[in-house]
Amino acid sequence: MTKYLIFSLYLISFLVVFLFFIIIVYHRIQNQKKKKLNELKNEYYPIIEDYMNNKINMKETEHKLKNELNYETMMELFKPLFKKYTERNINKLQALIKQTGLNDYYLEKLNSNNKKKKLKAASILGIFEENRALDKLYQMLNSKDELVIITTAWAISETGNMDNLNNIINSLFNKTDMTYEAITELLVNFNKKICDKLINYINQYLANTNYFKSHFAVKDYKLLALFIDIFGFFRYKKSLTTMKKLLKRNPHEEVIIHILKSLVKISEPIEIDLTKYLLHKNWVIKSQTAKYISKINNSNYLEILRKLLTDENWWVKYYAAKAIWNLGEIELMIDIIIKDKPGANICDYILAENNYNYILEERK
Amino acid sequence: MIYKILLVLDYIAIFYFFLVNITYIILNILAFFSIRKKRLKKKILDIDKPFSSEFYKPLSIIVPAYNEEKTIVDNLKSILELQYPEYEVVVVNDGSNDQTLQQLFENFNLKAFTTNYKAEIKTEPIKCIYKSTSHPNLIVIDKENGGKADSLNAGINMSSFPLVCNIDADSLIDSEALLKIVEPFVNDWKVVAAGGTIRVANKCKVNEGQVKEVNLSKNFLVRMQVVEYLRAFLFGRVGWASINSLLIISGAFGVFKKKHLIRAGGYNPNTVGEDMELVLRLNRKMKEFRRNHKIVFLPDPVCWTQVPKTIASLSNQRKRWQRGLGESLFYNIGLFFNYKHGTIGLIAFPFYFFVEFLGPILESIGYISLILTFILGYGNQQIIILFLISSILLGILLSLSSLFFEEMSFRKYEKTKEVIILAITAVLENFGYKQLNTFWRLIGLYELIVGNKEWGNQIRSQFSE
């Protein structure tokens with residue numbers, strides 16, 4: 001017993017001392033790595049900057065980078081630049097990266113048996129928009145591993161290639177635990193051009209309501225909400241007709257909410273009577289409709305908006321009052337406040353929010 | 001006779017020692033792999049998500065405030081600057097008798113407001129509801145004093161959005177913390193609640209409600225708590241969460257799906273451990289509702305809080321935590337060794353019961369009986385000494401390992417000097433501080449038995465600029 005205790009005591013003591021020093025050494029190493037990377041940035045970013053500003057050519061830049069840096073370090077340097085440069089400059093940066101051979105390096109890594117290396121390569125090739133990786137990425141999409149599916153789908157979305165969009169949506173919905181909001185986030189990577197494809201999907205659904213079930217095995221409202229969010233994100237005006245058609249079908253409440261949110265973002269009028277949405281039992285639908293009206297300044301709904309000033313939900317009242325304010329009906333609001341009519345409270349609030357309460361003082 | 005009693009007690013102490021340390025070592029290993037996995041995922045999926053926020057569900061932040069005149073303005077400024085697409089902030093003034101409400105009036109242009117307040121969860125009467133004209137998403141509820149849980153329930157009643165986040169009025173959260181803590185709700189439909197990490201803000205430089213520079217306090221007691229928080233969050237909660245057995249989400253920073261929160265009945269106002277009690281009940285109710293669920297912990301989204309600087313306030317806090325723990329466990333005793341609740345019922349709950357709740361008694365018995373055995377010359381004295389030394393060394397090892405997890409993941413303390421100080425603190429806390437903690441927890445247990453329901457006074461100070 002004593003022997004074992006003494007042995008374990010030695011072992012634990014060793015581990016304590018070892019860990020104590022490991023922490024400090026590890027900390028120092030990480031600090032030095034950080035310092036080194038900063039030094040490299042200071043040294044090479046001006047060169048890349050000169051290249052981006054056409055002061056030196058691609059060959060010369062490549063030569064300077066390749067002579068002194070390995071591929072992994074080069075990637076460390078390039079990664080932050082993807083956030084820095086705009087879409088126009090990204091192509092120039094990508095051309096330089098291609099020239100250095102980084103794409104080929106990571107294409108090779110994509111065939112690695114090591115999961116970490118493989119996924120890292122997939123992710124990077126996505127950022128490079130490398131179409132040569134697509135075949136392999138499509139293969140990886142058939143994996144059962146959630147991390148592999150998500151990383152691959154993300155990489156494909158960044159390449160912008162939509163040949164296998166059905167399969168991507170299907171895999172994400174049915175083989176991962178992602179919610180439709182997360183899938184939307186991924187799909188916007190395909191860029192604005194995805195919208196036409198989505199309109200096409202919705203049109204097929206409108207022609208045959210079993211379309212989504214048979215093609216994606218997903219509930220209609222989830223897919224519709226997802227697609228509509230993307231229209232809103234890109235402020236895609238061509239989707240207005242599609243959204244109008246959908247509204248006429250009396251869709252699921254969730255779909256109505258997403259259509260209204262997208263309409264708020266697009267801020268263009270749509271030829272449809274909004275009365276029933278202003279009078280809807282769901283406060284989100286009411287408030288989003290009022291918000292939409294405040295964006296398009298449609299005075300046809302003034303009377304209903306006025307009634308909504310006394311709604312029990314704050315956001316409904318708020319957006320109704322905001323819509324009235326945006327319609328320029330300041331006198332109406334002042335009248336409601338001074339005569340203490342229903343809705344005086346929220347009108348008073350909107351005036352205060354816009355620093356107009358001094359008018360009230362004058363009138364009083 | 002005495003010899004026999006001491007022998008039994010020694011065996012209990014040894015059994016307890018093995019139970020605690022084996023569990024902690026397993027938790028440590030689980031936490032290590034969990035953090036490594038998260039790191040790997042972050043490395044692989046290190047994707048810039050400039051649009052991410054736009055699709056996240058709207059969220060209501062509830063800030064219960066009782067006598068928070070010194071921190072409420074900074075805290076609210078920080079919350080109102082958070083990166084999140086659509087959110088509202090509901091501050092609940094819980095009958096403060098200082099200038100909390102006055103501070104809110106002066107800084108946020110409040111206007112009294114009439115609204116239909118739906119009391120889905122019963123609370124103390126509401127005196128008035130205010131809206132800010134400078135921030136339309138800010139609501140202030142002024143209510144009769146009813147305690148923290150009651151304030152949180154009032155905030156839930158007032159909230160409009162599907163996700164509810166509770167943040168303490170004496171805490172600051174990182175600008176991206178909300179996006180990070182909501183991410184699991186987006187990436188996994190099973191998630192019903194998520195908790196973030198709490199870190200010590202004492203001596204950190206704060207500007208416009210954000211922690212700009214992380215510094216280590218010179219106060220010895222605060223340093224001890226830094227190590228303690230690292231241990232509790234980086235290996236305790238990460239470890240439990242990795243086997244889907246998280247029993248607590250800190251009251252200072254957590255997000256819940258509102259519909260489940262209401263279905264579960266909201267926070268329990270009859271306990272001072274309302275945060276733990278809620279998570280336990282949520283786990284229980286989700287099973288009853290047959291809802292496949294996950295309660296997750298994220299070591300990354302950070303909430304900064306000021307920890308007690310004096311022995312008196314720290315002991316009050318620890319006694320309260322112990323009472324809260326006991327109350328939470330007893331309110332949810334149905335989970336105890338209940339196989340229907342899987343690892344929660346069979347491992348996590350019994351562990352919390354025997355180690356966290358009864359731990360102070362068993363530890364104290366252990367210390368006393370071993371010392372007595374040694375003094376009275378019973379048994380093998382060499383073994384007793386070796387045993388005591390190894391228990392202290394294991395404690396040090398566990399504290400150091402959480403410091404190592406911090407280094408391999410977040411590295412908030414950048415200066416080497418501070419890391420060395422923390423490592424030394426991790427050693428020193430085992431000599432006196434841990435034993436003191438056991439003593440406070442023991443008093444906490446006694447207070448629970450005699451029915452003490454006091455929250456105790458908390459001394460607040462402003463964040464350093």
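Confidence was examined in chain A. Its mean pLDDT is 91, and 99% of its residues reach 70 or more. Within chain A, confidence is lowest in helix H22 (residues 357-363), at a mean of 73. Helix H16 (residues 275-278) of chain A has the highest value, 96. Where pLDDT is low, predicted coordinates should not be read in detail.

The largest nonpolar core holds 286 residues. Six of its members touch the most other members: A:Phe78, A:Leu187, A:Leu305, B:Leu59, B:Ile61 and B:Val91. Helix H1 (residues 2-52) of chain A supplies the largest share of this core, 16 residues. A:Leu305 illustrates the packing. Beyond its neighbours within four places in sequence, A:Leu305 is in contact with A:Leu278, A:Ala290, A:Ile293, A:Ala320, A:Ala323, A:Ile324 and A:Leu327. Another core lies apart, with 5 residues. Its members include B:Met224, B:Leu314, B:Tyr433 and B:Trp440.

Chain B and chain A bury about 5,700 Å² between them. Carbon and sulfur atoms account for 67% of that area. The contact draws 67 residues from chain B and 56 residues from chain A. On the chain B side, B:Ile44, B:Phe55 and B:Phe113 lose the most area to chain A. Together these three make up 13% of what that side buries.

Polar pairing also spans the interface. There are 15 residue pairs in polar contact, both residues at pLDDT 80 or more, and 5 salt bridges. A:Glu181 forms a salt bridge with B:Lys57, with the closest N and O atoms 2.5 Å apart. Several elements of chain B each supply at least two residues of the side that touches chain A. They are H1, strand S3 (110-113), strand S4 (126-132), helix H5 (177-187), helix H12 (381-409) and helix H13 (416-428). H12(B) gives the largest share of that side, 16 residues.

H5(B) is largely enclosed by the rest of the structure, because 8 of its 11 residues are buried. These are B:Ala177, B:Leu178, B:Leu179, B:Ile181, B:Val182, B:Pro184, B:Phe185 and B:Val186. B:Ser34 lies in helix H1 (residues 2-44) of chain B. B:Ser34 has a relative accessible area of 12%, so it is buried. Not counting residues up to four places away in sequence, B:Ser34 touches B:Val238 and B:Ser242. B:Leu358, in the loop between helix H10 (342-357) and helix H11 (359-376) of chain B, counts as partly exposed at 23% relative accessibility. Its C-alpha lies 46 Å from that of B:Phe105, 253 residues away in sequence.

The structure holds 37 salt bridges over all chains. In chain A, A:Asp104 pairs with A:Arg132, the closest N and O atoms being 3.0 Å apart. A:Asp104 lies in helix H5 (residues 102-109), and A:Arg132 in the loop between helix H6 (115-127) and helix H7 (134-140), so the pair ties together parts 28 residues apart in sequence. A:Asp104 is partly exposed, at 41% relative accessibility. A:Arg132 is also partly exposed, at 46%.

Two further bridges lie in chain B. B:Lys205 pairs with B:Glu213, with closest N and O atoms 3.8 Å apart. B:Lys205 is partly exposed at 41% relative accessibility, as is B:Glu213 at 33%. B:Glu407 forms a salt bridge with B:Arg411, the closest N and O atoms being 3.4 Å apart. Both B:Glu407 and B:Arg411 are buried. Through shared partners, salt bridges join A:Asp177, B:Asp188, B:Lys190 and B:Lys294 into one network.

Terms used: Residues are numbered from 1 along each chain as its sequence is written. Chains are lettered from A and ligands numbered from 1 in the order in which they are written. This is a predicted model: local features need pLDDT of at least 70, side-chain atom pairs count only at pLDDT 80 or more; totals for chains, interfaces and linings use all residues. Side-chain values use heavy atoms; hydrogens and water are left out. Helices (H or I, at least four residues) and strands (E, at least two) are DSSP runs, numbered from the N terminus. Buried means under 20% relative accessible area, exposed over 50%, partly exposed in between (1.4 Å probe, protein chains only). Contact means heavy atoms within 4.5 Å. pLDDT is the predictor's confidence in each residue, from 0 to 100. A nonpolar core is a set of buried Ala, Val, Leu, Ile, Met, Phe, Trp, Tyr and Cys residues joined through side-chain atoms within 4.5 Å. Buried area is the accessible area (1.4 Å probe) that two parts lose on being put together, summed over both. A salt bridge is a side-chain nitrogen of Lys or Arg within 4 Å of a carboxyl oxygen of Asp or Glu. A polar contact is a pair of N or O atoms within 3.5 Å; within protein, one must be able to donate a hydrogen and the other to accept it, and residues adjacent in sequence count only if both atoms are side-chain atoms.
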